[in-house]
Amino acid sequence: MNWSATTGINWPDGNGGEVRVEAGGEVPDVIVSANSWLVQDGHVVPRNWTASAIPVVEFVPDLAIAPPEKDHDDG
Amino acid sequence: MARFHGDDCRVYLGVRDASADLVSIDLTASAETHDATTFGSSNFREVDAGLFSWEGALAGFWQTNSGAGITSIERQLENILGSDTSGKSPVSVYVGDADAIGDTGYLTSDAVVTKMSTPIAIGDLIKVSATMKGNGRLGFNAILLHVLAADSTSTNSASVDNAASSASGGRGNLHVTAATGSGGTIKIQHSSDNSVWVDLVTYTASTAASCQTSTVTGTVNRYLRAISTISAASSVTFVAGFARF
């Protein structure tokens with residue numbers, strides 16, 4: 001899963017330095033997995049997975065379409 | 001627990017290191033109370049808590065102002081007398097000479113200088129004194145995160161371990177006494193593990209002497225540090241600290 005920073009975040013680059021992303025930048029899953037507090041405190045959110053991006057599909061019966069008439073069996 | 005002598009204090013007022021100007025400072029926090037005594041109070045007064053506030057009183061040596069700018073403490077106090085302009089009046093006081101990250105102290109909000117006086121006595125140096133009233137919460141639990149010094153390259157300062165996170169936010173004060181070139185941006189970051197860091201306070205870019213105080217709410221993680229992002233061929237001389245509420 002990819003993660004998006006909600007604020008500036010720094011993490012070690014493994015070479016004695018640091019990597020920094022600003023708000024909106026991508027945070028690797030390996031960093032988030034090892035630091036669950038980033039999710040718990042809202043410092044990262046799933047990338048491209050926000051509530052407003054979830055398509056809403058409503059299923060409403062189309063009343064303009066008349067149901068097929070039943071065949072009357074008059075016997 | 002350590003005791004400290006007044007001689008070990010350093011005071012920063014607005015854009016000024018006022019340590020060489022002041023001889024005393026007294027910041028007082030108050031809480032109002034309202035009488036809530038009833039017939040059922042069993043002969044004892046009862047009170048409900050009211051509004052909080054803080055006031056400060058400071059005194060220093062009066063000096064002549066040299067040049068066109070504000071170079072003396074007297075002129076600086078006069079400049080903020082009756083003014084509530086943000087960034088002119090925050091005070092940061094640190095003990096332990098304020099020469100090491102982790103030194104403790106307290107931080108004020110913006111304030112209005114309400115009174116100035118210049119007592120003159122035949123047997124003493126001329127002094128200037130002032131009183132001020134605060135426009136926000138006083139931070140008594142301050143930690144120095146950057147000693148007054150110039151950063152000429154982007155720097156991540158050493159961290160301070162609070163042993164645990166806190167839940168009630170806090171106040172961060174930044175005093176920039178000088179900036180050259182295009183200056184830079186100062187931030188305060190917090191961390192749960194002293195490894196991955198998240199911005200807690202981002203100050204407006206400092207391109208000249210300036211002062212900013214800022215409050216945050218909610219969780220402040222266990223570790224704190226200051227970081228600077230300095231523009232090419234520039235420098236920012238600053239002192240920064242944070243007080244947990």
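In this predicted model, Asp199(B) has a relative accessibility of 10% and therefore counts as buried, the limit for that class being under 20%. Asp199(B) forms a salt bridge with Arg20(A), and the closest N and O atoms of the two side chains are 2.6 Å apart. Arg20(A) belongs to strand β3 (residues 18–21) of chain A and Asp199(B) to strand β14 (residues 197–202) of chain B, so this pair joins two chains.

Over all chains, the structure holds 11 salt bridges. One of them lies within chain A, where Arg47(A) pairs with Glu26(A) at 3.8 Å between the closest N and O atoms. Arg47(A) is found in the segment after β5 (44–46) and Glu26(A) in strand β4 (residues 26–27), so the bridge ties together parts of chain A that are 21 residues apart in sequence. Arg47(A) is partly exposed at 28% relative accessibility, and Glu26(A) is likewise partly exposed at 38%.

A further salt bridge is found in chain B, between Arg10(B) and Asp97(B), with the closest N and O atoms 3.4 Å apart. Here strand β1, which holds Arg10(B), is tied to the loop between β5 and β6, which holds Asp97(B); the two parts are 87 residues apart in sequence. Arg10(B) counts as partly exposed at 26% relative accessibility, as does Asp97(B) at 29%.

Turning to the fold of chain B, one helix and 17 strands are found. The radius of gyration of chain B is 20 Å, close to the 18 Å that the globule rule gives for 245 residues, so chain B is as compact as a globular protein of that length. The C-alpha trace spans about 70 × 55 × 35 Å along its principal axes. Of the 245 residues in chain B, 42% are buried.

Aromatic contacts come next. A pair of aromatic rings is described by the distance of the centres and the angle of the planes. The structure holds two such pairs over all chains. In one of the pairs, the ring centres of Tyr12(B) and Tyr94(B) are 6.3 Å apart and the planes stand at 55 degrees, so the arrangement is tilted. This pair links distant parts of chain B, with Tyr12(B) in strand β1 (residues 10–13) and Tyr94(B) in strand β5 (residues 91–94), 82 residues apart. Tyr12(B) is buried, with a relative accessible area of 3%, and Tyr94(B) is buried as well, at 0%.

Tyr106(B) and Phe140(B) also form a tilted pair, at 6.2 Å centre to centre and 55 degrees between the planes. Strand β6 (residues 104–107) contributes Tyr106(B) and strand β9 (residues 139–151) contributes Phe140(B), which lie 34 residues apart in chain B. Tyr106(B) is partly exposed, with a relative accessible area of 23%, while Phe140(B) counts as exposed at 51%.

Another ring takes part in a contact with a charged side chain: Arg137(B) lies over the face of Phe245(B), at 4.1 Å from the ring centre.

On the surface, Trp62(B), Ile120(B) and Ile126(B) form a nonpolar patch with about 290 Å² of accessible area together. Trp62(B) sits in the loop between β4 (47–61) and α1 (73–80) of chain B. With 36% relative accessibility, Trp62(B) counts as partly exposed.

Definitions and conventions: Residues numbered from 1 in each chain as written. Chains lettered and ligands numbered in written order. Predicted model: local features only at pLDDT ≥ 70, side-chain atom pairs only at ≥ 80, totals over all residues. Heavy atoms only, no water. Patch = residues over 30% accessible without salt bridge, like charges linked within 9 Å, V, L, I, M, F, W, Y side chains within 5 Å. Areas by Shrake-Rupley, 256 points an atom, 1.4 Å probe, with all protein chains shown as cover. Salt bridge = Lys/Arg side-chain N within 4 Å of Asp/Glu carboxyl O. Helix = DSSP H or I, 4+ residues; strand = E, 2+ residues; numbered from the N terminus. Buried < 20%, exposed > 50% of the residue type's maximum accessible area, 1.4 Å probe, protein only. Phe/Tyr/Trp six-rings, centres within 6.5 Å; stacked < 30°, edge-to-face > 60°. Lys NZ or Arg CZ within 6 Å of the ring centre and 35° of its normal. Rg over C-alpha atoms; globule rule 2.2 N^0.38 Å.
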